[in-house]
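Student: Could you show me how to read a site in a structure like this one?
Tutor: Gladly; let us look at it together.

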Amino acid sequence: MSETPKRVVVLGSTGSIGTQTLEVCRWRGYRVVGLLAGKNLELLCDQISEFQPEAVAADAAILPELKARFPRLNLVEPQEVAAWPADVVVGAVPGLAGLLGVRAAVSQGRRLALANKESMVAAGPLLWQEAERSGAEILPVDSEHSALFQSLLGEPPQDIAELILTASGGPFLREPADLSRVTPEMALKHPRWRMGPKVTVDSSTLFNKGLEVLEAVQLFRVPVEKVRVLIHPQAYVHSMVRFQDGNLKAQLGPTDMRLAIQYALTYPHRPPTPLREAPIPERLEFFPPDTQRFPALALAYEAGRMGGLAPVVLNAADEVAVEAFLQGHIGYLEIPRVLEKVLQQTPRGELTWENVFAADLEARRLARALLGVRETP
Ligand SMILES: NC(=O)c1ccc[n+]([C@@H]2O[C@H](COP(=O)([O-])OP(=O)(O)OC[C@H]3O[C@@H](n4cnc5c(N)ncnc54)[C@H](OP(=O)(O)O)[C@@H]3O)[C@@H](O)[C@H]2O)c1
């Protein structure tokens, strides 16, 4: 039986996940009804010409040019495009900036294919509350979490002993010995994946893995102590689940984000894809991460243990620090230092929508003050 083409909204359409999502939509023949992008005018224009979406939102800086090139285009606010009638909304705007769209999609009861891990890290319990009210589904796009989701299908949650996330180790797994010499150019060269700049730098500090630990805590509702990270340089095994009887399920396979994206779009079905099978590496290694070398990962665990607003604060500090590093304002090792200092000043308070945004703003202000960088306009 042929599939009814789905209506898809892509938030972050000009990015790494966004463009790969559009490729999946092309091969599935899906109707792309909404696009949200930032400032990449030319690529967004190509996407509008190709997909003829019903609604588009973008950064204010490119709106006049978009209006001039497409006078009949339905330009709306970002939250409107996120809430546009659709079968699936793909959340792929990085950072806490992605949360508004994610929240709007969930509150409309959509299926959310979630790449933007920061939303789940900062506001997981709030998103689940909203999903329970609206009937929304939240499916992970992050490859490790997609793998965990698949391993956990049909398994009673109380039987989970441990979730194991693998990490390739990034470009600085062993070299250089002195990480203070790392430049933005070095950090932006990931040995395996081409991703956006924020997630690439986070992968190099292992903070991305820390965010993934916190994302797994929220997505699968397990305590942080039950989530373990193993360095696996071959990146062939995405994740493992150990059950309380000792059985272990591992999810292997092609490290191609399009597979995880398609699964979130087509779940529970698994139609064929044009992707090639990945060769099985001859040697598979697994070893624990060095948290002395990569303290940002240990800080994520600390935030997970603290709970409340700590993950919000840690994420905000990282966004500021990574941006400052990429702009050449601070050295590489300043990133974990500022994370630690901001985390120590986590405000008390319940996790509410108001508190999430207030804590995020305050943590950014504090991080900028500590780093001596000015407010970005
Ligand atoms: N890339 C991966 O392989 C991967 C894997 C797993 C999870 N993720 C997660 O997926 C998310 C996206 O990552 P990515 O690598 O795709 O990032 P990316 O390549 O940097 O793309 C980001 C996208 O979001 C848009 N954007 C950024 N800020 C925006 C704002 N304030 N308002 C509206 N649009 C905005 C960008 O627009 P412009 O480019 O037009 O400015 C672009 O379309 C992140 O949370 C990341 O952690 C990524």
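Student: Which residues is aspartate 142 in contact with, leaving aside its neighbours within four places in sequence?
Tutor: Contact means heavy atoms within 4.5 Å. With those neighbours left aside, aspartate 142 is in contact with Leu114, Lys117, Glu212, Glu215 and Met257. Before going on, note that this is a predicted model, where local features need pLDDT of at least 70, side-chain atom pairs count only at pLDDT 80 or more, and totals for chains, interfaces and linings use all residues. Residues are numbered from 1 along each chain as its sequence is written, and side-chain values use heavy atoms, with hydrogens and water left out.

Student: Where does aspartate 142 lie?
Tutor: Helices (H or I, at least four residues) and strands (E, at least two) are DSSP runs, numbered from the N terminus. Aspartate 142 sits in the loop that links β6 (137–140) and α7 (143–152).

Student: Is aspartate 142 buried or exposed?
Tutor: Buried means under 20% relative accessible area, exposed over 50%, and partly exposed in between (1.4 Å probe, protein chains only). Aspartate 142 counts as buried because its relative accessibility is 9%. Glutamate 212, in helix α10 (residues 207–220), is also buried, with a relative accessible area of 2%.

Student: Which residues does UniProt list for "binding site"?
Tutor: UniProt positions are given in the numbering used here, feature names are shortened, and annotations may be inferred rather than shown by experiment. The unreviewed UniProt entry lists Asp142, Glu144 and Glu212. They are spread over 71 residues of sequence, yet they cluster in space, with a largest C-alpha distance of 8.4 Å. Glutamate 212 is in contact with both Asp142 and Glu144, among others.

Student: How many residues surround the ligand?
Tutor: A residue is near a molecule if one of its heavy atoms lies within 4 Å of it. Here 25 residues surround the ligand, and the closest are Thr14, Lys39, Glu118, Asp142 and Gly196.

Student: What is the distance from an oxygen atom of the ligand to a polar backbone atom of glycine 38?
Tutor: That distance is 2.9 Å. For glycine 12, a polar backbone atom is 3.2 Å from a ligand oxygen, and for alanine 115 the value is 3.4 Å. Taken alone, the ligand exposes 900 Å², and the protein buries 80% of that (Shrake-Rupley method, 1.4 Å probe).

Definitions and conventions. A polar contact is a pair of N or O atoms within 3.5 Å; within protein, one must be able to donate a hydrogen and the other to accept it, and residues adjacent in sequence count only if both atoms are side-chain atoms.
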